[in-house]
Amino acid sequence: MSFSPYLLKGQKALVTGGSSGIGESVARYLAASGASVVVNYHSEAEEAHKIVDDIKSAGGEAIAILANVSKEDDVKAMFSQMFEDFGTIDILVNNAGLQKDSAFVDMSLDHWNIVIGVNLTGQFLCAREAAKEFLRRGVQPHISSAAGKIICMSSVHQVIPWAGHVNYATSKGGIDMMMRSIAQELAPHKIRVNSIAPGAIKTPINKAAWDTPEAEAKLLTLIPAKRVGDVEDIAKAAVWLASDDSDYVNGATLFVDGGMTLYPGFATGG
Ligand code: NAD
């Protein structure tokens, strides 16, 4: 990691779904940049505590908090615990997400509701609690020029339709409009709200798409950069969006996708 441990010094960050994949890497990079980090987890207690131990061993500050982000009571309890331990919040990374895939006509209401509940409602619930605290506390100029930063983990599927994944693509399209509406509403209070839209990143969520040479070769036909992304590609973008280096960036989606949204099928004509 090549980050300055002073970039986010004194800032308190919460990463939802921080126990694996992109969330884990974001938590580690925020901590390496000087932030105190809450690693939220849902089912992977051991993994979350290992990440916390690693951060502490490297001289950082971190705690793990259990919460299902789709449950209002869990989210409120998580923020209360964070405020008890860290005093406040400066950076929220709304990362938790999941897939429940099926053909559209076979999609159960249960799978629709679970995906919308975690991916979209979960981001709403966490953003609302963070925003309340940003508004209460306001800007602390010695900490950051913003009163707070929210980073929503979206996906290239906020713009690319995705057959067989209607619930997931809908949740990510919803994140885009939610993120921009919150950004518009809270910008006058010096609160910045942005999204990262990852392309294909190697994590447990999409293992089947890259863990055999055949699957990876097929996936690469969709990626002009001709490599599947790593979690660090996303974590570095998150650190930048969390820092004052991106102070004039608000309501934006940063696509970190190796060009996946460049209509690669048209590269050889159209
Ligand atoms: P992942 O499965 O490793 O991580 C998802 C995390 O969310 C896990 O830690 C999981 O425990 C957590 N989670 C699930 N339900 C939860 C709940 N109810 N409450 C709290 N946490 C919960 O996969 P990932 O790829 O790291 O995904 C992270 C985010 O990135 C997701 O929002 C995903 O949609 C997005 N994303 C990933 C890719 C990719 O290619 N990997 C691409 C685009 C977007």
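Glycine 173 is partly exposed, with a relative accessible area of 28%, where partly exposed denotes the range between buried (under 20% relative accessible area) and exposed (over 50%), computed with a 1.4 Å probe on protein chains only. The structure is a predicted model, in which local features need pLDDT of at least 70 and side-chain atom pairs count only at pLDDT 80 or more, whereas totals for chains, interfaces and linings use all residues. Residues are numbered from 1 along each chain as its sequence is written, and side-chain values use heavy atoms, with hydrogens and water left out.

Glycine 173 belongs to helix H5 (residues 166–186); helices (H or I, at least four residues) and strands (E, at least two) are DSSP runs numbered from the N terminus. Apart from neighbours within four places in sequence, glycine 173 is in contact with His157 and Gln158, contact being defined as heavy atoms within 4.5 Å. Between the C-alpha atoms of glycine 173 and glutamate 185, 12 residues apart along the chain, the separation is 19 Å.

Helix H1 takes part in two helix pairings described here. With helix H7 (residues 231–242), helix H1 (residues 21–32) packs at an angle of about 50°, the axes lying 8 Å apart. Axes are lines fitted to C-alpha atoms, for helices over the stretch in contact, and angles run from 0 to 180 degrees between N-to-C directions. The angle makes H1 oblique to H7; angles under 35 degrees count as roughly parallel, over 145 as roughly antiparallel, 65 to 115 as roughly perpendicular and the rest as oblique. The crossing of H1 past H7 is right-handed, that is, the near helix is turned clockwise from the far one by less than a right angle, a left-handed crossing being the anticlockwise case. On the H1 side, Gly21, Ile22, Ser25, Val26, Tyr29 and Leu30 meet Val231, Glu232, Ile234, Ala235, Lys236, Ala238, Val239 and Ala242 of H7. By class, the residues of the contact of H1 with H7 comprise 10 nonpolar, 2 polar and 2 charged. In this scheme Ala, Val, Leu, Ile, Met, Phe, Trp, Tyr, Cys and Pro count as nonpolar, Asp, Glu, Lys and Arg as charged, and the others, Gly among them, as polar.

The axes of H1 and H2 come within 10 Å and cross at roughly 20°. H1 and H2 are therefore roughly parallel to each other, and H1 passes H2 in a right-handed crossing. Glu24, Ala27, Arg28 and Ala31 of H1 make this contact with Ile51, Asp54 and Ile55 of H2. The residues of the contact of H1 with H2 divide into 4 nonpolar, no polar and 3 charged.

Alanine 48 is also found in helix H2 and is buried, with a relative accessible area of 0%. Beyond its neighbours within four places in sequence, alanine 48 is in contact with Ser19, Val39, Tyr41 and Ala64. The C-alpha atoms of alanine 48 and alanine 127, 79 residues apart along the chain, are separated by 21 Å.

In soluble globular proteins, nonpolar side chains tend to be buried together. The largest nonpolar core has 34 residues, of which Val26, Leu30, Val37, Val93 and Ile196 touch the most other members. A nonpolar core is a set of buried Ala, Val, Leu, Ile, Met, Phe, Trp, Tyr and Cys residues joined through side-chain atoms within 4.5 Å. Elements giving two or more residues to this core include strand S1 (12–15), H1, strand S2 (36–41), helix H2 (45–57) and H7. The largest share of this core, 8 residues, comes from H7. Apart from this core lies another, of 32 residues, among them Ile63, Leu92, Ile182 and Ile191. Leucine 30, setting aside neighbours within four places in sequence, is in contact with Leu8, Ala13, Val15, Ala35, Val37, Val93, Val239 and Ala242.

Threonine 203 is located in the loop between strand S6 (191–198) and helix H6 (213–220). At 8% relative accessibility, threonine 203 counts as buried. Gly21, Ile22, Trp210 and Val231 are touched by threonine 203, not counting residues up to four places away in sequence.

Most residues other than glycine have a negative phi. Lysine 226, which is not a glycine, has a positive phi of about 60°. Lysine 226 lies in the loop between H6 and H7 and is exposed, with a relative accessible area of 51%. For tyrosine 263, phi is positive, near 50°.
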